[in-house]
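Okay, thanks for coming, everyone. Let me put the structure up and then we'll walk through it together.

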Amino acid sequence: MNGFDALYSKAEERIRILSELPSTKNKTIEKLLEEKGVQRRDFMKWAASITAMLALPSQFTPLFADVAKLADRLPLIWLHMAECTGCSESLIRSDAPTVDSLIFEHISLEYHETLMAAAGWQAEEILDGAMHKYKGKYILLVEGGVPTAMDGQYLTLGPQAKTGLSVVTEAAKDAAAIFSIGTCSSFGGIQAAAPNPTGAKGVDKVVKQPVINVPGCPPSAKNIVGTLMHFLLFGTLPALDRYSRPKWAYGNRIHDLCERRGHFDAGEFVESFGDEGAKAGWCLYKQGCKGPYTFNNCSIERFNQHTHWPVGAGHGCMGCSEPDFWDTMGPLEQPLDSHLVMGLNSTVDKVGTTLVTATVIGIGAHAVASLFMNKKEG
Amino acid sequence: MNNPDTQIVDHPTFVYSSMNRILHWLRAVVITGLTITGFYIASPFLSPEGSTDKLLFAEWAMWHYIFGFILLTAGLLRIYLFFFGKDSKGELDSVKDVLSVRSWTTQLKSYFFVGELQKKGIYGPLQFITYVMIMLLVIVASVTGLVLYVHVYHLGIGGLLYDPMRAIEAWMGGLAMVRYVHHITMWGFLIFIPIHVYLVIWSAIRFKHGALDVMFTGYDYHLKKEKEQDQA
């Protein structure tokens with residue numbers, strides 16, 4: 001059997017298994033889409049776009065449509081750690097219901113602190129119940145860094161004041177798959193920036209199980225849903241890069257996929273925000289664009305229902321899907337030479353210039369001294 | 001010339017093979033080129049006037065890659081010749097100087113106008129350590145350069161080295177850190193070059209032997225030594 005057939009039959013088998021599981025919703029996705037005014041044609045277009053995004057042949061389009069209908073068979077637990085909920089917002093905040101957000105609604109979301117009505121003891125019970133009922137079957141999505149200093153007591157949740165660290169390690173034990181949604185849960189994020197007083201870490205640093213990172217501040221809705229859909233259809237983890245990011249989304253640099261790339265190679269740069277170059281859409285490299293150091297598909301998938309993305313809107317990339325980007329990428333609106341040397345309020349170029357100057361002065365002093373020494377000896 | 005062994009121990013006459021001399025000047029040229037093009041890449045100071053068919057940045061970058069690969073190859077060859085070249089004995093003998101406290105004090109004193117510079121190999125201990133550090137700097141610059149390069153060109157050597165270079169990238173903490181370290185290595189060269197040029201000229205005047213000649217002809221000339229031999 002060739003690779004295509006193997007993958008195709010694997011996906012078909014997965015759909016068969018999922019369809020035998022009990023449904024958790026009393027309404028089908030078709031019904032839900034119809035009620036919200038999404039036509040079947042748009043739904044199929046969505047399935048085709050997911051197929052293309054994951055770099056699969058077009059024959060997989062009907063399979064994605066089928067598996068999306070079975071999304072309610074897959075229980076999901078979404079935990080919030082030290083974060084701003086921007087990642088959830090990226091997915092759910094749209095001007096009209098999108099297929100992505102409707103899938104998210106249709107999927108069996110057991111626990112999500114922002115979206116659920118329950119609070120306090122009730123919420124706690126739902127989480128415990130879901131983890132017990134779907135033991136070994138649920139997908140765990142984590143948003144936010146995990147503070148580890150002082151036994152994780154910088155983050156406590158709920159009426160029993162459980163630490164975020166204990167909640168996430170416990171939930172990870174029986175999860176079928178763990179996704180870190182956003183840079184905070186992937187790499188620690190802003191609370192892990194130096195000096196990191198709370199000892200915040202990415203989820204993969206505190207749990208033993210394998211974790212898929214979907215970094216970004218926030219990641220696009222497409223990257224979140226695409227990662228979910230991949231797991232839904234194949235039940236396995238996608239090809240990952242060195243930072244456990246799915247290759248289909250984080251395989252290329254922002255720079256490689258940038259619509260302003262031609263201006264970079266031509267040497268046409270925006271010299272200040274609002275100048276003629278900025279109006280003409282020139283490259284933002286000299287305005288501190290971190291696209292050359294950042295792996296993501298922002299220019300392709302974009303944000304806010306595919307309307308725009310930072311570089312398109314005229315601001316450089318700030319490297320938000322890279323580890324420790326608050327420390328390594330700053331200052332965000334200036335090129336990397338403006339990066340401050342650790343512990344010094346100065347840049348590499350200033351320190352270098354000072355050292356070279358000191359060297360030249362030292363040489364001069366030595367040369368002058370040599371003149372006198374030669375005379376004395378001569 | 002009649003008795004090369006004893007001469008190398010005292011004041012070496014034959015110093016560098018032709019290959020090492022060529023490699024030295026090659027490095028000098030490409031490091032200069034890399035610094036200039038590197039500054040441009042870090043902060044492009046020239047812009048073409050209104051035409052995107054002139055790929056100005058891409059051309060500067062292209063020269064940076066060409067110089068970079070020459071430096072990498074020249075560096076590898078030089079490391080090989082350090083151990084296995086026909087002139088490597090004089091260089092390797094300098095390890096004895098590095099391990100000898102007396103050699104250290106002799107060299108440091110000679111720089112402050114006290115006494116002659118005597119050594120077992122062809123380098124003083126501080127000089128030897130400096131050259132080793134510069135070679136390490138070449139290695140760090142080459143490796144970080146390669147990590148950055150595999151993201152620029154994905155075929156050929158770029159494609160071949162993609163996976164191992166990404167491992168190094170992850171180990172260093174992301175491409176921004178790689179780029180930062182790459183930038184710092186350049187300052188290492190910029191600080192080294194004036195000291196190097198000055199001390200070559202200074203020690204030639206001070207200790208009366210051939211200065212630049214050694215890197216052109218391969219031979220070091222000694223005024224003092226000849227005088228000593230005449231007297232003896």
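**Domains, interface and cores**

So, chain A first: its domain assignment gives domain 1 (3–250), domain 2 (253–339) and domain 3 (340–378), with those bounds coming from an automatic or database domain assignment. Before going on, the housekeeping: this is a predicted model, where local features need pLDDT of at least 70, side-chain atom pairs count only at pLDDT 80 or more, and totals for chains, interfaces and linings use all residues. Residues are numbered from 1 along each chain as its sequence is written, and chains are lettered from A and ligands numbered from 1 in the order in which they are written.

Back to the domains. Domain 1 and domain 2 of chain A have their C-alpha centres 28 Å apart. Their contact takes 20 residues from domain 1 of chain A and 15 residues from domain 2 of chain A; by contact I mean C-beta atoms, placed from the backbone, within 7 Å. On the domain 1 side, helices H10 (183–187), H12 (221–234) and H13 (247–250) of chain A each supply at least two residues. Helices here are DSSP runs of H or I with at least four residues, strands are E runs of at least two, and both are numbered from the N terminus. That side of domain 1 of chain A splits into 10 nonpolar, 7 polar and 3 charged residues. For the record, nonpolar covers Ala, Val, Leu, Ile, Met, Phe, Trp, Tyr, Cys and Pro, charged is Asp, Glu, Lys and Arg, and the others, Gly among them, count as polar.

Let's look at H13 of chain A, where Ala249(A) sits. Is Ala249(A) buried or exposed? Ala249(A) is buried, because 29 other C-beta atoms lie within 10 Å. The cut-offs, with C-beta atoms placed from the backbone: buried is 20 or more other C-beta atoms within 10 Å, exposed is 12 or fewer, and partly exposed is in between. Leaving out residues up to four places away in sequence, Ala249(A) touches Asn223(A), Gly226(A) and Asn297(A).

Gly226(A) turns up again with Leu54(A), which contacts Gly226(A), His230(A) and Trp248(A) once neighbours within four places in sequence are set aside. Leu54(A) is in the loop between helix H3 (40–53) and helix H4 (61–69) of chain A. With 19 other C-beta atoms within 10 Å, Leu54(A) comes out as partly exposed.

Then H4(A) itself: its buried residues are Leu63(A), Phe64(A), Val67(A), Ala68(A) and Lys69(A). They pack against helix H1 (3–20), helix H2 (29–35), H3, H6 and H12 of chain A.

Now the cores. The largest nonpolar core has 67 residues, and Leu140(A) and Val168(A) have the most contacts inside it. A nonpolar core is a set of buried Ala, Val, Leu, Ile, Met, Phe, Trp, Tyr and Cys residues joined through C-beta atoms within 7 Å. H12(A) gives the most to this core, 7 residues. Beyond four places in sequence, the contacts of Leu140(A) include Ile77(A), Leu79(A) and Ala171(A). There's also a second, separate core of 35 residues, and among its members are Leu284(A), Tyr293(A), Cys298(A) and Val147(B).

**Across to chain B**

Chain B has 12 helices and 0 strands, and buried residues make up 25% of its 232 residues. Take helix H2 (residues 18–42) of chain B: at 1.5 Å a residue its 25 residues should span 36 Å, and the end C-alpha atoms are 35 Å apart, so that agrees. The expected span is 1.5 Å times one less than the number of residues. Among the buried residues in H2(B) are Asn20(B), Arg27(B), Val30(B) and Leu34(B). The buried residues of H2(B) pack against helix H3 (56–84) and helix H10 (175–207) of chain B.

**Confidence**

Last bit. Chain A averages a pLDDT of 89, with 98% of the residues scoring at least 70; pLDDT is the predictor's confidence in each residue, from 0 to 100. Chain B averages 84, with 89% of the residues at least 70. Over residues 3–10 of chain B the pLDDT is below 50, and that stretch has 6 contacts in the model beyond near neighbours in sequence. For the complex, the predictor gives an ipTM of 0.84 and a pTM of 0.86.

Notes: Contact = placed C-beta atoms within 7 Å.
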